[in-house]
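Below are some notes for a colleague who is reading this model alongside its sequence.

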Amino acid sequence: MLRKRLFAALAAVAMLVGLQVTTAGPAAAAPRILYYDASQAQEFVSVVNQGAQIWNSRVTNVQLQPVPAGRTPNIRVYADNGWPRTYSTSLGNGRWYMGREAVNQGYYTPRIAAHEFGHILGLPDRRTGLCTDLMSGSSAPVSCRNPNPNTTEANTVNNNFRSAAVAASIPAREFVWVG
Ligand SMILES: [Zn+2]
C-alpha cells in the first residue's frame, strides 16, 4: 500500500517535471537588455542602481544594466527638487527623475527608484494605497518600505517584453509621483 502510494507520488512529480520542460522550451529567448545612465542622478546613483537590481532579480525577459562607455542609453536618470516622475517615449525607453519633493517627505528612495523604472518597463500608476504594490506609489503610506514589485507586476513586465507586438502596443506616457 505504502509502496503503491509512493509510486503514485513519483509519477505525479515526473508528470509535473515533464510538463514544465514542455512549456519552458520555446520561450527561452535571451532577455532584452536596457542600458540606463545614472551619471546625472547626483546623490541618488546608488539608489538608482538598487532599483535596477530589484527588477533584474524579479524579471527574466528584460534586464537593466549601466550603460557602457560610448553607447547611447535607453534610459536617463536625473535628480531635481520636483516630484519623482517618468517620461517614457516607448516601452523600455525614456527618462525619469528622482525628485527630492518626495524624498524630503520621507518616501523610501529604493521604492521610488524601482517604481519609476517600473513605468519605463510599461507599468502605469495604480493608486491602490497598498504597500505590497510597487506601482501604488505615493498612495501607499509614506512609511512604506517595500521596494519590490509584486508577482502580478513582475509578470506584466515579463509579458510586456515577450514580443515586439506587445511592446508596440504600449504608448509613450508621462507619470508623476503625486497624481
Ligand atoms: Zn508613478
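1. A nonpolar core is taken here as a set of buried Ala, Val, Leu, Ile, Met, Phe, Trp, Tyr and Cys residues joined through side-chain atoms within 4.5 Å. In this predicted model, the largest such core holds 35 residues, of which Val48, Trp55, Leu64, Ile75, Trp96 and Phe117 touch the most other members. At least two residues of this core come from each of strand S1 (32-40), helix H2 (45-56), strand S2 (62-66), strand S3 (75-80), strand S5 (93-99), H4 and H5.

2. Leucine 64 illustrates how these elements meet: leaving aside residues up to four places away in sequence, leucine 64 touches Leu34, Tyr36, Ala52, Trp55, Asn56, Ile75, Phe117 and Leu121.

3. On confidence, the protein has a mean pLDDT of 90, with 84% of its residues reaching 70 or more. Residues 17-25 should be read with care, as the pLDDT there is below 50 and the stretch has zero contacts in the model beyond near neighbours in sequence.

4. Helix H4 deserves a paragraph of its own. Its 12 residues (109-120) should span 16 Å at 1.5 Å a residue, and the end C-alpha atoms are 17 Å apart, which agrees. Because 12 of the 12 residues of H4 are buried, the helix is largely enclosed by the rest of the structure; among them are Arg111, His115, Glu116 and His119. Just after H4, glycine 122 takes a positive phi of about 100°.

5. Which residues coordinate the zinc ion? The donors are His115 and His119, each through NE2, together with Asp125 through OD, at 2.0 to 2.1 Å. Along the sequence these donor residues follow the spacing H-x3-H-x5-D. Histidine 119 and aspartate 125 are both buried.

6. The model has one disulfide, which joins cysteine 131 to cysteine 144 with an S to S separation of 2.0 Å. Cysteine 131 and cysteine 144 each lie in the loop between H4 and helix H5 (151-160), so the pair ties together parts that are 13 residues apart in sequence. The torsion about the S-S bond is about 85°, so the disulfide is right-handed. The two cysteines can also be described by their accessibility: cysteine 131, at 28% relative accessibility, counts as partly exposed, whereas cysteine 144, at 4%, counts as buried.

7. Proline 124 also lies in the loop between H4 and H5, and at 34% relative accessibility it counts as partly exposed. Leaving aside residues up to four places away in sequence, proline 124 touches His119, Met135, Arg173 and Phe175; of these, His119 is a zinc donor. The C-alpha atoms of proline 124 and glutamate 174 are separated by 9.3 Å, although the two residues are 50 residues apart along the chain.

8. Not counting residues up to four places away in sequence, glutamine 63 touches Pro31, Arg32, Ile33, Leu34 and Asn56. Between glutamine 63 and alanine 52, which are 11 residues apart in sequence, the C-alpha to C-alpha distance is 8.1 Å.

Note on methods
Residues are numbered from 1 along each chain as its sequence is written. This is a predicted model: local features need pLDDT of at least 70, side-chain atom pairs count only at pLDDT 80 or more; totals for chains, interfaces and linings use all residues. Side-chain values use heavy atoms; hydrogens and water are left out. Donors are N, O and S atoms within 2.8 Å of the metal (3.2 Å for Na, K and Ca); water is not among the atoms, so sites may look incomplete. Buried means under 20% relative accessible area, exposed over 50%, partly exposed in between (1.4 Å probe, protein chains only). Helices (H or I, at least four residues) and strands (E, at least two) are DSSP runs, numbered from the N terminus. The expected span of a helix is 1.5 Å times one less than its number of residues. A disulfide is a pair of cysteine sulfur atoms within 2.5 Å. pLDDT is the predictor's confidence in each residue, from 0 to 100. Contact means heavy atoms within 4.5 Å.
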